[in-house]
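Thanks for asking me to take a look. Here are my notes, point by point, for you to follow alongside the model.

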Amino acid sequence: MPTTNDSAVTEFILLGLTDLPELQPLLFVLFLVVYLVTLLGNLGMMVLIRLDSRLHKPMYFFLSNLAFVDVCYTSNATPQMLSHFLSEKKTITFAGCFAQCYIFIALLLTEYYMLAAMAYDRYVAICDPLRYSVKMSRRVCISLATFPYVYGFSDGLFQAILTFRLTFCRSNVINHFYCADPPLIKLSCSDTFVKEHAMFISAGFNLCSSLSIILVSYGFIIVSILRIKSAEGRHKAFSTCGSHMMAVTLFYGTLFCMYVRPPTDKTVEESKTIAVFYTFVNPVLNPLIYSLRNKDVKRALKTVLRRNVATNMPPFPINHNSRPLSHPPLIRLSCSDTSVKETSMFVVAGFNLSNSLLIILISYIFILIAVLRMHSAEGRHKAFSTCGSHLVAVTVFYGTLFCMYVRPPTDKSVEQSKIIAVFYTFVSPMLNPTIYTQMIRYMKEVQGRNRTEVVEFILLGLSDNSDLQGFLFGLFLLIYIATMVGNLGMIVLIELEPCLHTPMYCFLSSLSFVDACYSSSVTPKMLVNLVAEDKAISFNGCAAQFYFFGSFLGTECFLLAMMAYDRYAAIWNPLLYPVLMSERICFLLVATSFLAGFGNAAIHTGMTFRLSFCGSNRINHFYCDTPPLLKLSCSDTHINGLMIMAFSSFNVISCVTIVLISYLCILVAILRMPSLEGRHKAFSTCASHLTAVTIFFGTILFMYLRPTSSYSMEQDKIVSVFYTVVIPMLNPLIYSLKNKDVKGALKKVLQKHRQ
């Protein structure tokens, strides 16, 4: 029961996942099965590694520790939750809540750094195989495995103490299925400023540091693999990383879903849903990933089973000399070096498959929780029926892909591949129209409903203070003029001066064009609204502004990544730079950036403006942006929130990863230069781009990684002013003030016109 204001809390009540009594037995059975599979899989993995001497290697030492961590932190919350499903009393003592919170944080942080240690192990194994046994000795492995436990339990204790030193004198009802920090902070009647910022700093530091170790390790791994001349050697090196990459993608994908969501969309219900994913789904998937994709584990499992179940049977014949036909037929026919193609095919296929499947899994977890919360059986049935067609299509499509790629390598043959190719080339396209017939009927019913639509929006702008309107108009007009003069001047200068006709300045002129365009998509309307009484914008005008702003912003994100790759090619391999960055390749990279930006914006625009706006039409912003538009909609915006999260995370993470890996390789190349002057010259060619990248991505990260409690629409508008008005003005200044070639070309052009 809730406590009074004058009494201290001695126990808490956990509300759990749902308060619907008819769902409790179903959820009990579901999570009991998941928990048993998790224990069986992870404990089985630990026993298997212990029994088979061939698995007594550093890689499997870390894997056994990962399995142990998964068992412990899923056991920390699950038994309590299962008992609450069947019990009317859902209380937990104050001390029990402290212990659960502490152990959960500690083990979660331990998994962060255990995955980072495993990435380092793969880096040493691939980049320096001859000294692997020395660098990853027993002592080093124990040290690397001990650090995550020591650090995780130390930081976890610090965070738990900060939480439970607070005073809880209000309600004692925790809206969660275990004692988590955010709902506990909401119950406190003390000042939570120190705790919230300590939690934010700790989460940001641990996430960034562990992910940086993984990214840097895989950056070196990719460089090393690309240097391997043998296609078989490259394939073998990649295969040793496949399981770890998938585990990392699932784990960090969930964390990014947790922290990179738009702040306005963060709710306790969504947090519970994501907590279910990393409390139950990740621990149950890890042993499956490492057993299905790992030849050593599968071989060890077969050995143990034969030894214990069929000791009298003859050993299973394995042809060690047979080489699986694992490459598509066109690549096998080539007499050229296929390393680049094989590598790119493996990376792109793995990345696309993992990310698309992760988005589908997370979406359906949210859908499942939303459907289970519905009180009406008819409503639940109707909601499930809208997903049935898609679920069948997804099962058919991904089932075929998994049949194609997760077969044991020894079973792969050209004939089998042709049969499976027939299925996804002919059968799947034939089935999809039939599968979606019911969905089309439902969509027609929805489209037939009558509703009053908004025909225009009113932009409230930056401030409603009339005294500031004139000042803001003058300020933003000057900035806009400087932006246009600077960016258009940069384009003209690069076009006029032959010495600037290089790939670097080709990208720079494209960047200037994008800056001029995306500033022009917002600023003129904002200037008009600062001096006009009528601040309306038509529905189509709002959609157009939304689309073009999103297009050019996305294009800039990818262009900055391409410019980082250009600097990498120039410094890492200067002799081959004209070949690596030919005119055709430059055009393709620029075109890809524009296609990605405009394609991404088209999806967002279609998803946003398909919604119904039948309430207020007042947008609390100075341009048509996603968060304020979603607030005005009277439709269900849950899918839009997921789409924003998925696409924004993909765009930012992919671009930042390209930039980080490029600059990591640049740093390695520069440190190898014997000449101090050469190092200084190489650094100076990157300085302008580094400054532009830091300002652009720093603003975006500030936008999305602020603590939820400090989020406000006013802050959002101020940050938006920075990247819509200020950044486009700064870029030409950065590239002219810090670039000798641009300054020299500008002096030449000015001298010509004076003469």
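**Notes on cores, rings and a surface patch**

1. The largest nonpolar core has 85 residues, and F12, F31, Y112 and Y252 have the most contacts inside it. Such a core is a set of buried Ala, Val, Leu, Ile, Met, Phe, Trp, Tyr and Cys residues joined through side-chain atoms within 4.5 Å; buried means under 20% relative accessible area, exposed over 50% and partly exposed in between (1.4 Å probe, protein chains only). Helix α3 (residues 94-127) gives the most to this core, with 18 residues. Helices are DSSP runs (H or I, at least four residues), numbered from the N terminus.

2. A word on the source: this is a predicted model, where local features need pLDDT of at least 70 and side-chain atom pairs count only at pLDDT 80 or more, while totals for chains, interfaces and linings use all residues. Residues are numbered from 1 along each chain as its sequence is written, and side-chain values use heavy atoms, leaving out hydrogens and water.

3. A second, separate core of 66 residues includes Y505, M581, Y623 and V719.

4. There are 42 aromatic pairs (Phe, Tyr and Trp rings, the six-membered one for Trp, with centres within 6.5 Å; planes under 30 degrees apart are stacked, over 60 edge-to-face, the rest tilted). F31 and F280 form a tilted pair, 4.7 Å centre to centre with 45° between the planes. F31 lies in helix α1 (residues 24-51) and F280 in helix α9 (residues 268-292), so the pair ties together parts 249 residues apart in sequence. Both F31 and F280 are buried.

5. Ring pairs also link F12, F94, F98, Y102, F153, F164 and F168 into a cluster.

Methods: Helices (H or I, at least four residues) and strands (E, at least two) are DSSP runs, numbered from the N terminus.
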